Amino acid sequence: QMERQVHALMGRMGDVLGKEWGQQLEGRHLRRSCDELLSKLDSRPYFRAWVGEWEQRLASDVGSKLSTYPIVIVRDGGRMVARANFDEGHEYLSREIRYLKWLGYERDIPRTLAAVAEEAEARHPHAMALKTALQSYAAARALVTPELEPLVSQELGAIQDSIT
């Protein structure tokens, strides 16, 4: 946006000072200042670094965990806990890509990043619902005392069977 404003101001200077304003003595200094400002506003190096960072992150995530399972069982301290298998970073990536598209970078976004973002957008509502359900289960399970466990053992077994 700022880059467009600088170009608009340069156009206005051209209207006031003439088409060859950058060749005139006073105009050369203004032109140099504008070019320096535009070089500092150039977002392409930052965009390329961002793309490289995400591609590197996705390449390192390939073998880290199976993405086909909606629930993973992990050790938390000495006990096993069920968690939703969803990387919150992918949701962050989908938001960043949406913002980049609004800024006009749609053609520059690599297809691999766009595909990961689309998948994250599709999986996010389900993953959050699953995460909430698993948290509710863990909270309810923590309230079940050993005396109450025989009363709800059938329901707990059914829930554990559906998780595994």
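Guide: In what follows, Ala, Val, Leu, Ile, Met, Phe, Trp, Tyr, Cys and Pro count as nonpolar, Asp, Glu, Lys and Arg as charged, and the others, Gly among them, as polar. The model is predicted.

Visitor: How do the residues of the lining of the largest pocket divide by class?
Guide: The largest pocket has a volume of about 600 Å³. Of its 25 lining residues, those closest to the centre are Met80, Val81, Ala82, Arg83 and Leu134. By class, the lining holds 14 nonpolar, 4 polar and 7 charged residues.

Visitor: Which element gives the most to the lining of the largest pocket?
Guide: Strand E1 (71–76), strand E2 (79–84), H5 and helix H6 (149–163) each supply at least two lining residues. With 8 residues, the top contributor is H5.

Visitor: At what angle do helix H3 and helix H5 pack?
Guide: H3 covers residues 44–61 and H5 covers residues 111–143. Their axes lie 10 Å apart, at an angle of about 65 degrees.

Visitor: Is the crossing of H3 past H5 left-handed or right-handed?
Guide: From H3, the contact takes Trp50, Val51, Trp54, Glu55 and Leu58; from H5, Thr112, Leu113 and Val116. The contact has 6 nonpolar, 1 polar and 1 charged residues. H3 passes H5 in a crossing that is left-handed.

Visitor: Is Gln5 buried, partly exposed or exposed?
Guide: Gln5 lies in helix H1 (residues 2–17). Buried means under 20% relative accessible area, and exposed means over 50%. Gln5 has 46%, so this residue is partly exposed.

Visitor: What separates the C-alpha atoms of Gln5 and His124?
Guide: Along the chain, Gln5 and His124 are 119 residues apart.

Technical notes. Residues numbered from 1 in each chain as written. Predicted model: local features only at pLDDT ≥ 70, side-chain atom pairs only at ≥ 80, totals over all residues. Heavy atoms only, no water. Axes fitted to C-alpha atoms, helices over the stretch in contact; angles between N-to-C directions. Helix = DSSP H or I, 4+ residues; strand = E, 2+ residues; numbered from the N terminus. Left-handed = near helix turned anticlockwise from the far one by under 90°. Contact = heavy atoms within 4.5 Å. 1 Å grid on protein atoms, 1.4 Å probe; cavity = no way out; pocket = protein on both sides within 12 Å on 5 of 7 lines; lining within 4 Å. Points joined across faces, edges and corners; volume = space filled by probe spheres on them. Buried < 20%, exposed > 50% of the residue type's maximum accessible area, 1.4 Å probe, protein only.
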